[in-house]
Amino acid sequence: VQLQASGGGLVQPGGSLRLACAASGRILSINVMAWHRQAPGKQRELVAAIVGGGTINYADSVKDRFTISRDNAKNTVYLQMNSLKPEDTAVYYCNVKVGSVTYWGQGTQVTVSS
C-alpha cells in the first residue's frame with residue numbers, strides 16, 4: 001500500500017488549506033484513515049481520524065476548525081483546515097490501517113506565518 005499526500009504549503013494566519021492523501025496498491029478494506037502532525041521539537045500527534053463505519057475523532061486543538069472526510073471510491077482521505085494558526089505549523093502525515101497493518105505517507109509541510 002502506498003500513500004501520496006498533497007496540499008501543504010505556506011498560508012497566512014486565518015487562512016485555509018486542504019490536504020489530500022490517496023492510497024493505492026493492494027487494498028481490501030481500510031479500517032482507519034487519519035492525519036497526524038509533527039512540529040519541530042515535538043512528538044507526533046493525532047489530528048483527526050475516521051474509524052470503521054464513520055466515527056470521527058479530532059484533537060481538541062483543531063475541533064471546529066478542521067474537517068476530515070474520505071472518498072471510499074478513491075481511497076482518499078482529506079483534511080480541510082480553516083482558521084489556521086501559527087501553532088498549526090507542522091509536517092502533516094496521513095496514515096491508513098488496512099487489516100492489522102498501518103501505513104504512513106511521506107508527510108507534507110504546512111506553514112502558517114505572516
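Visitor: Is N95 buried or exposed, and at what relative accessibility?

Guide: This is a predicted model. Buried means under 20% relative accessible area. N95 has 7% relative accessibility, so N95 counts as buried.

Visitor: Where is N95 placed?

Guide: N95 lies in strand β9, which covers residues 90-98. As a general idea, side chains in a regular strand alternate between the two faces of the sheet.

Visitor: Which side chain joins that of N95 in a polar contact?

Guide: The partner is H36, and the polar contact between the two side chains is 2.9 Å. Leaving out residues up to four places away in sequence, N95 also touches others, including L3, W35, T102 and W104.

Visitor: Which residues of the largest nonpolar core touch the most other members?

Guide: The core has 30 residues, and W35, V47, F66, L79, M81 and Y92 touch the most other members. Strands that each supply at least two residues of this core include β1 (2-6), β4 (30-38), β5 (45-51) and β9. The most comes from β9, with 5 residues.

Visitor: What is Y92 in contact with, beyond its neighbours within four places in sequence?

Guide: Among the contacts of Y92 are W35, V47, F66, L79 and M81. H36 is also in contact with Y92, and H36 is the polar partner of N95.

Visitor: How many bridges pair β1 and β3, and in which sense?

Guide: They pair over 5 bridges in the antiparallel sense, with L3 opposite A23 in β3. L3 is one of the residues N95 touches. β3 also pairs with β8, antiparallel over 6 bridges, and there A22 stands opposite T76.

Key. Residues are numbered from 1 along each chain as its sequence is written. This is a predicted model: local features need pLDDT of at least 70, side-chain atom pairs count only at pLDDT 80 or more; totals for chains, interfaces and linings use all residues. Side-chain values use heavy atoms; hydrogens and water are left out. Helices (H or I, at least four residues) and strands (E, at least two) are DSSP runs, numbered from the N terminus. Buried means under 20% relative accessible area, exposed over 50%, partly exposed in between (1.4 Å probe, protein chains only). A polar contact is a pair of N or O atoms within 3.5 Å; within protein, one must be able to donate a hydrogen and the other to accept it, and residues adjacent in sequence count only if both atoms are side-chain atoms. Contact means heavy atoms within 4.5 Å. A nonpolar core is a set of buried Ala, Val, Leu, Ile, Met, Phe, Trp, Tyr and Cys residues joined through side-chain atoms within 4.5 Å. Two strands pair if DSSP finds at least two bridges between them.
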